[in-house]
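Hi,

Here is the structure I promised to pass on. Have a look at it first, and then read my notes below.

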Amino acid sequence: MTQHKPMEWARLISSTRLGRPQAQTDFAEYRSVFQRDYDRLIFSAPFRRLQNKTQVFPLPGSVFVHNRLTHSLEVACVGRSMGNDTARILTKRHPEVDAGLFAQLGTIVSTACLAHDLGNPPFGHSGEKAIATFFSEGKGARFRKMIEDEVGAEKADILWQDITRFDGNANAFRLLTHQYEGRREGGYVMTYSTLASIVKYPYSSVLSGGKSKFGFFCSEMPFFREVAEHLGLVKIADEGYRLRYARYPLAYFVEAADDICYEIMDIEDAYKLHIITADQTRDLLLNFFDPAQRQTIDTNYPSVTDINERIIYMRSCVINAIEQECVRVFTDNEEQILRGEFEGSLIKHVNPRMRDAFAQCADFAVEHIYRSREVLDVELAGYKIIDTLLELFTDAVDNPHKVYSQRLIDRVSSQYQINAPTLHERLTGVLDFITGMTDVYALDLYRKILGMSLPNI
């Protein structure tokens, strides 16, 4: 294995913003640049829209379960804890590095955690699949040859792979960096460190090995290259559209926080919805601990007879334990991570008992939760809604001269470049429009367009 020059913390923690090259160094002020990133996201429209986007289960009725917004807030809390714990260790380990830099780790990680799901379309992962299959095997397949005629075979190949392997992670990076119509250069003008932290897969779609996991679309490749070069990320490949860097170190914590929250909180949500029993939930959570720890945890609240409260307590113990293990894995493997040689996620390297318990939760969730009728109903409905909207709006931008097409185009906000001169840009504008919808908005628009509901007269 070729050894690379290690990344440097003093360079990795940068206050420079995309679209604003002058670095800011006000770490000691009451609100640092990274805290401003956090606040900017909290007050942004895409973040607010997460409250009406499905996490796994249908949006809450009488029983509260997680949506994308509550999930993102919880991920941010877990990420902040891991970042702060790691900062204390690294500050002692690296006295040559300004301690004020390490003090920002928790804020950077928590901000990236807030942003990690911003690019997800309505209806969870079924929305991603609906977009990808509409173009790969649905009515959108006809656009492949048209795009090639427009931009040439080489660029058409990556544009097509971007679409047919559509990924919410890459779309989040686009949402934060793209200059939409009437908006400022640099998108949300986030710091390079925050932007790098959300990219779990720092390579283009042509290097994804056929999987729907990559970090940025072709249109945002220059932005990611700019971020990576400024921060000094290890470059692995850079030939045409085949761009790949080693992962930014703090992205490991964003990934871990997301994995922890969705896996453990989905178990709790399934219990609340009576999809799994209290005994099943208790067993899954206590499996993370050795027998002595289980006994302590299980009897720590002897005066509490409410099983719901006991499960909440067990869940908090599990999350805290995995957090600590992830910090240990990161700090034990810091040198490998900085050289870009660390393989897999942090959770794949936790102690065997915890790793097996996590895998058991994942397997159980696939078998008993993600295939439950409630989840499948949302996926099926979402798939149909997204597919129909894509069919109508892509046909409209392909045939803008038609009267009905113009009516549909007029329905789209001017910020999306749906009237761009090239077809592939107009198709991208359609995707920007649809992926930005909430579940409720997508369903409402679907019903109105099909004449299933009409405004009050």
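Which residues on the other side of H20 are exposed? They are Val 403, Arg 407 and Asp 410. Before I go further, note that this is a predicted model, in which local features need pLDDT of at least 70, side-chain atom pairs count only at pLDDT 80 or more, and totals for chains, interfaces and linings use all residues. Residues are numbered from 1 along each chain as its sequence is written, and side-chain values use heavy atoms, with hydrogens and water left out.

**Helix H20**

Helix H20 covers residues 403–410, and its buried residues include Ser 405, Leu 408 and Ile 409. Seen down the axis of H20, the buried residues fall within an arc of 100 degrees, so they line one face of the helix. That arc is taken from the directions from the helix axis to the C-beta atoms.

Some terms, so you can follow the rest. Buried means under 20% relative accessible area, exposed means over 50%, and partly exposed is in between (1.4 Å probe, protein chains only). Contact, or touching, means heavy atoms within 4.5 Å. Helices (H or I, at least four residues) and strands (E, at least two) are DSSP runs, numbered from the N terminus.

**The second largest pocket**

The second largest pocket has a volume of about 400 Å³. A pocket here is an open set of points on a 1 Å grid over the protein atoms alone, where a 1.4 Å probe fits and protein lies on both sides within 12 Å along at least five of seven lines; lining residues have an atom within 4 Å of a point. The volume is the space filled by probe spheres set on the points.

There are 20 lining residues, and Arg 174, Ser 219, His 424, Glu 425 and Thr 428 lie nearest the centre of this pocket. Helix H9 (153–164), helix H10 (168–177) and helix H21 (423–435) each supply at least two residues of the lining. H21 gives the largest share, 6 residues. By type, the lining divides into 8 nonpolar, 7 polar and 5 charged residues. Nonpolar covers Ala, Val, Leu, Ile, Met, Phe, Trp, Tyr, Cys and Pro, charged covers Asp, Glu, Lys and Arg, and the others, Gly among them, are polar.

His 424 also turns up beside Glu 150: Glu 150 touches Thr 422, Leu 423 and His 424, not counting residues up to four places away in sequence. Glu 150 and His 424 are 274 residues apart in sequence, yet 8.3 Å apart in space, C-alpha to C-alpha. Glu 150 sits in helix H8 (residues 143–151) and is partly exposed, at 33% relative accessibility.

**Cysteines**

How many disulfides does a search of the whole structure find? It finds 0, a disulfide being a pair of cysteine sulfur atoms within 2.5 Å. Cys 261 is in no disulfide, and the nearest cysteine sulfur, that of Cys 113, is 8.0 Å away. Cys 261 is buried, with a relative accessible area of 1%. Cys 218 counts as buried too, at 9% relative accessibility.

**A few single residues**

- Val 189 has a positive phi of about 50 degrees although it is not a glycine. Val 189 lies in the loop between H10 and helix H11 (192–197), and is buried at 2% relative accessible area.
- Gly 106 is in helix H6 (residues 105–115) and is buried, with a relative accessible area of 1%. Leaving aside neighbours within four places in sequence, Gly 106 is in contact with Arg 80, Gly 83 and Asn 84.
- Leu 243 is in strand E2 (residues 242–245) and counts as buried at 0% relative accessibility. Beyond neighbours within four places in sequence, the contacts of Leu 243 include Pro 202, Tyr 203, Phe 216 and Met 221.
- Tyr 441 lies in helix H22 and is partly exposed, with a relative accessible area of 31%. Not counting residues up to four places away in sequence, Tyr 441 touches Arg 411 and Phe 433.

Best wishes
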